[in-house]
Structure formats: structure tokens, C-alpha cells
Amino acid sequence: MFKCTINGHEVEVPEGASVIEAFKLLKEDIAHYCWHPGLSIAGVCRLCMVQIDDGPRLHIACNTLVKDGMKITNQTEVVKEAVRWGMDFHLINHPLDCPICDQAGECGLQEQYMKYGQYDSSMAEKKVKKRKVVDLGERVVLDSERCILCSRCVRFTDEVTKTNELGIFNRGDHSEIGTFEDQPLDNKYSLNTVDICPVGALTSKDFRFQQRVWYLKDTDSICTGCSTGCSIKVYHNKEGLFRVKPVFNEKVNGHWMCDEGRDLYKHVNAPVRLKQILKSVGNEWFPLGLERALDHLNEAFSKAENISVLITAQHTVEEYKALKNWAQQLQDKTINFVYWKNNPESFDSFDGLLIRGDKNPNTKGLLEAGFEFADASVLDSSDLVLAPMPENPAVYPKYMEKLEQLSKLQTQLCLLSVSNITQHETINFADGTLAIPMKTAFEKAGHFINHQGLTQKIHKGRVIVKAALGLDELLQAIKIGKWIQPQLLKSRKTNESSKVSGELW
Amino acid sequence: MNEYIPQADKEFILKELKRYETPISALIPSLFCIQKRHGWVPAEAVKELSLLSDLPESRINEVLNFYTMFNKKPVGQLHVQVCCNVSCAMNGGRELAKHICETYKVGFEQVSPCGTVTVSPVECLGACDKAPMMQVGQAYYEDLTNESALEVLEKLAFEKAKVSAHV
Ligand code: SF4
Ligand code: SF4
Ligand code: FES
Ligand code: FES
């Protein structure tokens, strides 16, 4: 055995061991590309440079054998300089497009670069160091060194939101984006600055480092956050939805959208969703296949004398039409439609830019569908309430209270819900209540009519919950039930089958 | 309110604001007025100026940060700006700046422990023929040596102390 010292630590190695093996034994860091413990020695990458004793020249660790008493180091400036130059030579002809290289993230060259790279470019002047990972408030992060000072973000807060938070401070190459006294950038449209920043200087806290954008597909849609109905693109892959960005629409939102609208994708993703049909029996929920659920529903609908539909303006024009048709088929029943607004006090408010107090994408569509609405008090005397719930119950604070009240009255509910309502802590749903997973606007196609009466199309994007139904699909299924032969179902054109379904009750 | 911009300054600033086509043009005289009062421009004064002029704080901050003549943090009783540009540097300006720092035991841009000076190395002040030179407050002191510069500073510091003793 030979004793040697590596970066000040003593180690014993068997005779014939190379210096690099001694480094590895000690788990000391040493750069190397060509050396591999399972292969012969090549000594060509010249990166494993070490200094031995006070020798005048550097040695490569992979092709130098340890001798007893050797003092070896790779921590001196001379060694580091040599490794740095070695890196430089390796990079002369190497492309500098790591982001599109498949090895990125586990590449030896990248790893060495992180340790020895010359972060400063070869320009004679020193690079000005600026602030990194600056917290610009609730939603935005700034990396000043990446900013190219185009001033788009400054002009956005000056001209669009008129909140004037951002400015370019200092002068010349010390110029930097910032806010006065580092106050937060907390206007309701702040993420637009991230969209318009041409580089990686402003990034979204919600999205940064979540996904590489080239792994995302996008679907055109309409924001369901309020009756403005901004044109958007939704970005998704098989793991779910990741972000929402505005699409230029001269008639509606121009180039922008609000920050809240960008959060709406979150309730679409799987963890928060209701994934199968559940039936409540004795305060517990049991899964039900569609077939049995339809049986149950048909029975419930035929028994019920007084049926109410608690509707919000969160569904498509097509769904309202289906609802209207369905009701017309049930002539022998009383069906009351109750139109539930999210928040009557702020319903008509408008912030002057985009955000409206009417938190529904299709209020006009609902009103134009020609329903006759009853007073909400009819709900209390109903024995069955069909409740296609708002997608985002958070903007309907009183809605859940109403469901709780009805459940206390032992009213049977047929809930069509995006979120997993069965997890609700305080509501004890009446026996026979059904919770059916509902499609979100991102999972179905159709039309919304916005506050100005503009009919806009939404496209079917990625389906996150396979079992989810649209309101129209549910009604269709109820209408057809199991009485209709499957082939009839397929060849069905328009109203034929609805006649048949009229006899169901 | 009005803690950082007292009534007299406020009147001056309001007059300046009326003088130009746009309020932003009045920023430099307004900021100088604030600096004259405090020796530097505190953030609270910017906030007050923002209310007074109806200009966003970030706009004022842009101007404030652009010019080195505005002090963004407190300075000593004497703000000593030593020219370190070509002519002065050739005649020992940089050494002079360092010498003053060492004497008052202070680094550049800081307030000396005694509170007397803040030394800033600056670019050409247009008195190259009398290099090396320094500016203290509004006044130029030229053809300096290490000794003559310190003499000037001691005298000025003494006068300041006398004035504040009177007050
Ligand atoms: S938009 Fe981006 S690059 Fe342009 S000034 Fe703002 S932070 Fe810098
Ligand atoms: S303004 Fe309304 S429609 Fe537009 S993004 Fe915001 S919530 Fe969505
Ligand atoms: S100067 Fe033309 S785009 Fe910037
Ligand atoms: S170089 Fe010092 S005044 Fe010009």
C-alpha cells in the first residue's frame, strides 16, 4: 500500500493505483471525460490535471501512478486555470445549443461548465452583475441580467394598467428594471409583462421550471373567468394543463388578459376533480356505472313531482339548448329553472380594462336561450334538484350554502360537478344524491356569448377526466336511457328519439 | 405628512411644476431642492413629491437614479467629490482621493465615523488645467496636494461645526 495526500487528506491506495483512482477513493472532485473505470486509459481529454509535490509541470491524474508519499492537489489556481483552458478547447467546435440537446441536464460538458466555465464572455470588459431571482410580488420573478431593456414591461404598467410600478433605474450598462423601493408588482394584470418580455427576464412564478414549452400543446379557447370572454390559448400535455395565455382579439381583449383568468386551468387538473359517478347512501358515497346511474336517475325523475334546475351561466349555448329541449319533452312535469348569479352586488361591475363582476362566460347565452326563470324559493319545495354546478365554485360563495340548505331539507340532488364535491366537509347530502363528473370548458367544444353579445367558439382540448359529461351529454343519456336500442342511438338524427323519451315518465 | 418636504420647499416645487409644459420637467429642480434640505434624497421625500407632482414614484426614481449628482443615501457634512478622470489622475487625483479616505478612516461613498465627510471619486469636473481638484458642496478647490486638500476640509468642517453650534 502507498500513502499519499490528496488536497490535504491522507489516503492509502494499493500499489499500481492511478492518481485519479485515489481521488475517486476519497470522493474528491476531479474533472475527467476520457477516463472510465471500466475501460483502458486514453489520456486525451486533458481535464484531470493535478499538481504533484512541487513539480514544475501539471500531470494528468488518469495516467500517473501514485508513488508513496506523493502530495497531490487539484485545488491550486494553476490547475483550475489549466482545466478552464481545457474546457475552452473542448468548446471551440462544440455547438452552444444545450437547450435542444437531449443530453442536457446530465451532460459531462455542462457539469464541467457549471464548475469551471468562464461565465464571463471573452469580451475585454467585465460583465455587469445584476440582481437575480428578484421577487416582484405575488406572481412575477425578475432576472435582471437577462433583461435587454426593451422597456415593454415598463410601458405596459404605464400605458395599459396605468399603475406605473415598473421603471428603468440607473444608467448605461447599469440600467435595471425595478420597482420603487422594491414594492411588489401587484396589479391584476401583472402576468402580461411576462408574456411581452421577449427574453427570460420576467417569468411567472406559477409556470417557471414546470415544463419545457416544446413539450406543450395548445388549444384555442375562451376564458371562463368572467363575461368579458378573453381569447386564450391553453397549454397542456399528458400530465395536465400548465398555463393559459391571451390570444390577440381586437374585439374583446386586445393583447391582454387578467391574472385571475390564468389560474382557471388549475381546477381542470386531475387531483381536484371528481372522477366517477358517486351516489350518496347513508352519508357515504358509492361508485356507480353510467348504466346504473341512468336507471337511478330515470327512476328519480319519474317519481319526482316538482323538479328544479339550478342553473348558472357557466355552460355553453349548446348545453342550454339541450336543457331547453329536454324540459319541453317532460310536459307532464313541473320543471322550474332557477338562475343563480355569482354575486348580485358586484355582478355589473367593470374595472375599466377587462375584468367584469359577472364571473360567467355565457350570461348572454343563458338569457338568450329563452328560459323562464322562477324565484329561488321554489328550490325549497322541490323534491329533486338538478344542479349543473359552476366550474369554479370559488366565485359562487353562496352556491354551496344553498346546496347545504337543500340537503338539510333532504332534497335529492343530481349534481354535475367538476370538483370533487363529495369531499365537502360540512354538507351531508340526502340519500340518493348523485354526483356526476362534469366536463370543463377546456374538455368540450361549444359557444359562449360574451357581455357584448359576441358568440365565441371554444375548442375541445385535452380530456382530463374520461368519465366526465357535458350537461348536454347527460341530458341526452337520460333522454335515451336504456330503452332505446343501441342502433337507434347511432342512427338518430334529430328529434325522433326525444319523442320516445317523452314516454319514459 | 410634509415631514420631508416642508412648506417653503413645497412652495418652490409647486412653482417649478407650473413653470414647465409637463410636470416631469420640474423633477430636477425639485429633487435638488430636496437634496439641499436633507443632503440626500430619501425615499419618503420621493413619495411626497409623487403626491405633490402627480408623477408616479417609479418615474421620479428613474430620474433620481439616472443622475449621479443626486445622493441616494445619506452623506457626511462635507460631500467631497474628488476628480479621478484623466488630467487629475495623471496629477495624483486618485491617490488624493485615497489619502482623504485613509485620513478620515472611510471607504468611498460612505459616511466617515465622525460624520464629517463622504468621499466620492468622480469623472471630469471641467477644471483639468488646475488638476488635481475636488468639489466640496458647490465649491471647487484646485491645484491640490494631499496636505492642502486636508487643510481645506479641516477648515470647512470647523466652520460647519461653528454654524451648528450657533444654531
Ligand atoms: S420586458 Fe423583459 S427585457 Fe424588456 S425591459 Fe422588461 S424585463 Fe427587460
Ligand atoms: S378579464 Fe375575464 S375573461 Fe378576461 S381573462 Fe380575466 S377573467 Fe378571463
Ligand atoms: S428598435 Fe425596433 S423593435 Fe426595437
Ligand atoms: S480631469 Fe479632473 S477636472 Fe477634468
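The model is predicted: local features need pLDDT of at least 70 and side-chain atom pairs pLDDT 80 or more, while totals for chains, interfaces and linings use all residues. Residues are numbered from 1 along each chain as its sequence is written, chains are lettered from A and ligands numbered from 1 in the order in which they are written, and side-chain values use heavy atoms, without hydrogens and water.

In chain A, A:Glu28 lies in the loop between α1 (19–26) and β3 (49–52). A:Glu28 is buried (under 20% relative accessible area, 1.4 Å probe, protein chains only). It has no salt bridge (a side-chain nitrogen of Lys or Arg within 4 Å of a carboxyl oxygen of Asp or Glu), and the nearest side chain of opposite charge, A:Lys80, is 10 Å away. The side chain of A:Glu28 does make a polar contact of 2.6 Å with that of A:Asn7 (N or O atoms within 3.5 Å, one able to donate a hydrogen and the other to accept it; residues adjacent in sequence count only if both atoms are side-chain atoms).

In chain B, B:Asp9 belongs to helix α1 (residues 7–19). B:Asp9 counts as buried because its relative accessible area is 8%.

Definitions and conventions:
Helices (H or I, at least four residues) and strands (E, at least two) are DSSP runs, numbered from the N terminus. Buried means under 20% relative accessible area, exposed over 50%, partly exposed in between (1.4 Å probe, protein chains only). Lys and Arg count as positive and Asp and Glu as negative; His and the chain ends are not counted.
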